[in-house]
Protein chains: 2
Amino acid sequence: RISWISDIVVVVSPENIETMKTIIEKYGHKRVTVVEGGKTRHRSIFNGLKVFAEKEFSSHPLQKPEVVIIHDAVRPFVEEDIVSKVVMAAKEHGAAGAIRPLVSTVIASAADGCLDHSLERARYRASEMPQAFLFDIIYEAYQQCTDYDLDYGTECLHLALKYCKTSAKLVEGTADLWKVTYKRDLYAAESIIKDNLSQEVCVITNASGTVAKVGLLLPESLKSQIKVEAVSTSQSRNYGHLQNIFSGQCYNFICVNDKKCAIQETQQLVHMLEKSDIPLLYPVVLILVGNSWNNSFSIGMEELTSMKKFARETKKKNILVYGLLIQYK
Amino acid sequence: RISWISDIVVVVSPENIETMKTIIEKYGHKRVTVVEGGKTRHRSIFNGLKVFAEKEFSSHPLQKPEVVIIHDAVRPFVEEDIVSKVVMAAKEHGAAGAIRPLVSTVIASAADGCLDHSLERARYRASEMPQAFLFDIIYEAYQQCTDYDLDYGTECLHLALKYCKTSAKLVEGTADLWKVTYKRDLYAAESIIKDNLSQEVCVITNASGTVAKVGLLLPESLKSQIKVEAVSTSQSRNYGHLQNIFSGQCYNFICVNDKKCAIQETQQLVHMLEKSDIPLLYPVVLILVGNSWNNSFSIGMEELTSMKKFARETKKKNILVYGLLIQYK
């Protein structure tokens, strides 16, 4: 996703390594090396760093980088902006990390389970990810640190300070750095992804004549709620323009036809979508709007069956096809 | 929601007092007094406490309680269990509060924006709500505390410790105490509510003969996914049983009819739902499954229009009516 990152090391627990490799292959991720994790956070990070430094650890050792970024997979919504800020600060200070204001007051409890003291909220911050380090500094820190650090520590910035006297620059991060920790966070993550996928819709008109009007009216009425691209493929075989849209971030397509089931046109569109990388990352929704000239909403069973079969096939390719039959008088 | 709480004081900013009063009236909340908030958290809480102690502050002073619970409205998913634990602990220790493990490491920054030191995560906790106090202790603490405390403090437990030498008992809370803080938390809250509303469905069969089979088959096939109550109103006029279901936590009803649009039966059901308090708190979903005997899915325009009008009316009462026409051969 970020072009100036040259290598990505994913540290995974032993039992999930195969799953991770399958995911990387399925979605065609490049620049990724999978490494087995350790029993604690620090041991896992250390394993990840070793790939750049120790030849015996990997058959294809990666080139040692100037700066290394450490990030949690449970913070999937990190923006390039904060990554870049943290890297710049690490180049200057040797170490840097994202921080956020505290949401709750932090307290220390006494041995009897009662309040010992509370911290003044304004003076403290929550340490988040990403963090970045000059590679030599953080690797040196991990090599020097004790087993106690490796087993009970949680803070990389602390290691850089303790073992390399490098005081990390703290960079104020945005709210989307939050950790997907609880079940409710999965709900939130799902909604954020859905929101992002619903930014734009492309209305494709295969129709001519009166039905083409629908292809014109629909974008007009959608415009107030969502970014709309309108393409007519019947007039100028406007497939070049479609290709441009496919290379963007559009996941929603409405296809207006003057037939009840325009399977052929749809197959062509699905084929183009497949060739683009869009359905690899997120599901693509394709709504076919067919036209019904007579007064009932009836549709032949045969047509319906073949359409449903087609939709089942495309679903495997992460393209969700829906049909909508309207009466246009 | 919790019967052993005798009075609820809601502290609201001046501009939202009218809205809050409207909500309380609309949903028929009892035992609630609305109080104007202050400029800071502590000033607002102090205003809330004064209602129990100072006669000039309210025309109907409330009786002074033994224990007072302080809670944030932004933590709507609090369970009775933790409230009760905190109250019991407050009775014994004078003060008590819910705590949670820290999700991120807490750090202190130096004046230059660099890391000063980080706290050992295991030794600290996040202080959450609810908290409970012997009324005399927390009121005494608020009366004694300085303007600086009132303007910059955030922790009630701290005030009880500082001014009344009362060290609060800390009670481990559950994850649902979290604060609805960011937009993503609204998504999470919405999903949790939806999940809770989708625990149970009631299938009501008004039909007899062959269509009644649908009323039998549907609960069978739903059983694996959701708790199902099945009621047949045609056989025994089983309305007593329906009333029992209405007094429970069921928000989803599927009504199987042998007519296309059973408006009369539906009106009766909607009337019963209205009389129960169910639609006051959350929307109730009512799906009408009608039967279509001939081979097309057509439905008369007149029937459709009157059904849509009916659904618009019930929507105002927080009852969402949907229609589904099936072909049962």
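**Helix packing.** The model is predicted. I began with what the buried residues of α3(B) touch: they pack against β3 (67–70), β4 (95–101), β7 (124–134) and β8 (169–172) of chain B. I then listed those buried residues, and they are B:I82, B:V83, B:V86, B:V87, B:A89 and B:A90. Viewed down the axis of α3(B), they stay within an arc of 165 degrees, so they line one face of the helix. That made me recall the general rule: with 3.6 residues a turn, an α-helix points residues three or four places apart the same way. On the other side of α3(B) I found B:M88 and B:E92 exposed.

I checked the helix length too. α3(B) covers residues 80–93, 14 residues in total. From first C-alpha to last it reaches 20 Å, close to the 20 Å expected at 1.5 Å a residue. B:G94 follows the helix, with a positive phi near 95 degrees.

**Interface.** Next I asked how many residues of chain B are in contact with chain A. I got 50, facing 50 residues of chain A. The two chains bury about 4,400 Å² between them, and 57% of that is on carbon and sulfur atoms.

Then I turned to polar terms. The rule finds 2 salt bridges across the interface. One I noted is B:D195 with A:K183, with the closest N and O atoms 3.6 Å apart. Residue pairs in polar contact across the interface number 26. Which elements of chain B supply at least two residues each to the side touching chain A? Among them are β5 (105–109), β6 (115–118), α6 (156–164) and α7 (183–197). α7(B) gives the largest share, 7 residues.

**Backbone.** In chain A, the bond joining A:M129 and A:P130 is cis, omega about 5 degrees. The bond from B:M129 to B:P130 is also cis, with omega near 5 degrees. I placed A:P130 in strand β7 of chain A and B:P130 in strand β7 of chain B.

I also logged A:N318, a residue other than glycine with a positive phi near 70 degrees. A:N318 sits in the loop between α13 (301–316) and β13 (319–327) of chain A. Is A:N318 buried or partly exposed? Its relative accessibility is 23%, so it counts as partly exposed.

Conventions:
Residues numbered from 1 in each chain as written. Chains lettered and ligands numbered in written order. Predicted model: local features only at pLDDT ≥ 70, side-chain atom pairs only at ≥ 80, totals over all residues. Heavy atoms only, no water. Helix = DSSP H or I, 4+ residues; strand = E, 2+ residues; numbered from the N terminus. Expected span 1.5 Å × (residues − 1). Buried < 20%, exposed > 50% of the residue type's maximum accessible area, 1.4 Å probe, protein only. Arc of directions from axis to C-beta. Contact = heavy atoms within 4.5 Å. Buried area = accessible area lost by both parts, 1.4 Å probe. Salt bridge = Lys/Arg side-chain N within 4 Å of Asp/Glu carboxyl O. Polar contact = N/O pair within 3.5 Å; in protein donor to acceptor, adjacent residues only side chain to side chain.
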